[in-house]
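Please look over the sequence and the structure below before reading on.

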Amino acid sequence: MPTAVLDDRAVLRIAGDEARGFLQGIVTCNMDRVSPSQAGFGALLSPQGKILFDFLVVEDGDGFWLDTAAAQAESLVKRLTMYRLRAPVRITASPLAVMAAWDGAPLPGFVYDDPRYVSLGRRAFVARDEAKGDATSDAY
């Protein structure tokens, strides 16, 4: 049962009393359907409707975790911060690693089902020093 560390992914944290409403107003997924047991797949669009960033989003406690492309994480933080205005929301990059598992393999950390397609298995946010897979991200 394979697991892989997805080095090309990064984790962002959106937290605060108005995090859900903030995201609901600017991303494509319905944030009312996102919960600790149900992740969502969404995007942030340009004013012209072009996809700028895509991500998986899952709720945890007082906020949300975004699983996004590592190459675009810094730009996504900047864009979200620009839209934040005066909302009491914190937007930060997380040091956590992203792992994936398929064929029923167990994962450590904060685990959720990939909402895009059942064959994509499960994902987890794991401390970097605990992130060890037995397959490559290319195998995933």
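Which residues does glutamate 59 touch, not counting residues up to four places away in sequence? They are Arg20, Val34, Ser35, Pro36, Phe64 and Phe110, where contact means heavy atoms within 4.5 Å.

This is a predicted model, in which local features need pLDDT of at least 70 and side-chain atom pairs count only at pLDDT 80 or more, while totals for chains, interfaces and linings use all residues. Residues are numbered from 1 along each chain as its sequence is written, and side-chain values use heavy atoms, with hydrogens and water left out.

Glutamate 59 lies in strand β4, residues 51-60. Helices (H or I, at least four residues) and strands (E, at least two) are DSSP runs, numbered from the N terminus. Buried means under 20% relative accessible area, exposed over 50%, and partly exposed in between (1.4 Å probe, protein chains only). Methionine 31 is in the loop between α1 and β3.

| Residue | Relative accessible area | State |
|---|---|---|
| Glutamate 59 | 15% | buried |
| Methionine 31 | 0% | buried |

Methionine 31 touches Arg20, Leu23, Gln24, Val57 and Phe64, again leaving out residues up to four places away in sequence. Its C-alpha atom is separated by 9.3 Å from that of glycine 42, eleven residues apart along the chain.

**Helix α2**

Helix α2 has twelve residues, 73-84, and reaches 16 Å from its first C-alpha to its last, close to the 16 Å expected at 1.5 Å a residue. That expected span is 1.5 Å times one less than the number of residues. Ala73, Leu76, Val77 and Leu80 are buried in α2. These residues cover an arc of only 100 degrees around the axis, so they sit on the same side of α2; the arc is that of the directions from the helix axis to the C-beta atoms. Glu74 and Lys78 are exposed on the other side of α2. The buried residues of α2 pack against several elements, among them β2 (9-15), α1 (19-24) and β4. Just after the helix, leucine 85 takes a positive phi of about 50 degrees.

**The whole chain**

The protein chain has two helices and nine strands, in the pattern β-β-α-β-β-β-α-β-β-β-β along the sequence. Of its 140 residues, 46% count as buried. The C-alpha trace spans about 45 × 30 × 30 Å along its principal axes. Among contacts between residues at least 6 apart in sequence, 63% join residues at least 24 apart.
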